[in-house]
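Biologist: I would like to learn how to read this structure. Could we take it feature by feature?

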Amino acid sequence: LLSQFDPDNTGYISTEKFRSLLQRHGSELDPHKLEVLLALADSNSEGRICYQDFVNLMSNKRSNSFRQAILQGNRRLCSKALLEETGLSLSQRLIRHVAYETLPREIDRKWYYDSYTCCPPPWFMITITIVEVAFFLYNGVVLDRFVLQVTHPLYLKNALLYHPQLRAQAWRYLTYIFMHAGIEHLGLNVVLQLLVGVPLEMVHGAARISFVYVAGVVAGSLAVSVADMTAPVVGSSGGVYALVSAHLANIVMNWSGMKCQFKLLRMAVALICMSFEFGRAVWLRFHPSAYPPCPHPSFMAHLGGVMVGITLGVIILRNYEQRLQDQTLWWIFLSIYVIFVLFAIFWNIFAYSLLDLKLPPPP
């Protein structure tokens, strides 16, 4: 093909030859992929198409030059919107629904709809949810309590939660997500991370979503160790709030392009649920402790998760199928996050002794 349409081996094909190829073989392509190819041809003002862009598109890859050509093009997508298509199976309707829930551009929604194969499935969010529920049920049986487990005198003896006296045990900065204050705490976190996290993982993949989630979890526990130094931490709110805040910020930033139904109402419901859960955490933090002098768990992990969501999370969700290594803001926010982590590590090593804090006794 390249030798036939590019005899001089320049790496480019003229738009006229490119159009003739599309007319000849267009019936063999997915209709949405054909539309993207036409958009690529119409947006190019130099009269030629990069052959590698064509290969990338056919192999479900998008190069930087291809993305720039689409972004700079002025051709409107002429065929009917994906939302108007009929006769779809249940799985196809689900994929279409996810596309409209998370992506602001029609061309990206069609690209995702044609490319998604459910292989691999959204395993990360499902797995982390199952593990969290399993640990909660186990603790419920051991403590013989499912509501406000955190008020049980033996609750803090678990090796997973974060406790300021045991901050040298580094795994606790992450494993505290498997401990919850009670069924009301677990329920809200599970609902939010399934309703928001699973669709996001279906679109952006497990690597990106797990990074945002884990970064929110670590930022949450480190934020507590810096700003609320005498309190323990439990719950997955840091990771959940990172995902939800990133998703909500992405919707606001791309408001006109987001076509999810009742988006204003759904944003309001999500914010109400988050506010309710955060308010519960604040109330519990200042509620008289059942095991003085150790206070109830801190709420600062929520705020750490939100900060990760509106920085790193927004950059990840804004750049569908793009290389984050090429994004300047990605490197800026990643550098800020790394600096914060390093600062918190040194704070944990030196500040507690320098400030001569009176910490609660170890459990």
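Modeller: We will go through the active site and then the surface. This is a predicted model, where local features need pLDDT of at least 70, side-chain atom pairs count only at pLDDT 80 or more, and totals for chains, interfaces and linings use all residues. Residues are numbered from 1 along each chain as its sequence is written, and side-chain values use heavy atoms, leaving out hydrogens and water.

Biologist: Which residues does UniProt list for "active site"?

Modeller: UniProt annotations may be inferred rather than shown by experiment. Here the unreviewed entry lists S237 and H302. They span 66 residues in sequence, yet no two of their C-alpha atoms are more than 5.6 Å apart, so they gather at one spot.

Biologist: Is S237 buried or exposed?

Modeller: Buried means under 20% relative accessible area, exposed over 50%, and partly exposed in between (1.4 Å probe, protein chains only). S237 is buried, at 2%.

Biologist: With which residues is S237 in contact, leaving aside its neighbours within four places in sequence?

Modeller: Contact means heavy atoms within 4.5 Å. For S237 these residues are H185, N189, E277 and H302.

Biologist: Where is L354, and is this residue buried or exposed?

Modeller: L354 lies in helix α14, residues 328-354 (helices are DSSP runs of H or I, at least four residues, numbered from the N terminus). L354 is exposed, with a relative accessible area of 71%.

Biologist: How far apart are A168 and I349?

Modeller: They are 181 residues apart in sequence and 8.6 Å apart in space, C-alpha to C-alpha. A168 is exposed, at 77% relative accessible area.

Notes
Helix = DSSP H or I, 4+ residues; strand = E, 2+ residues; numbered from the N terminus.
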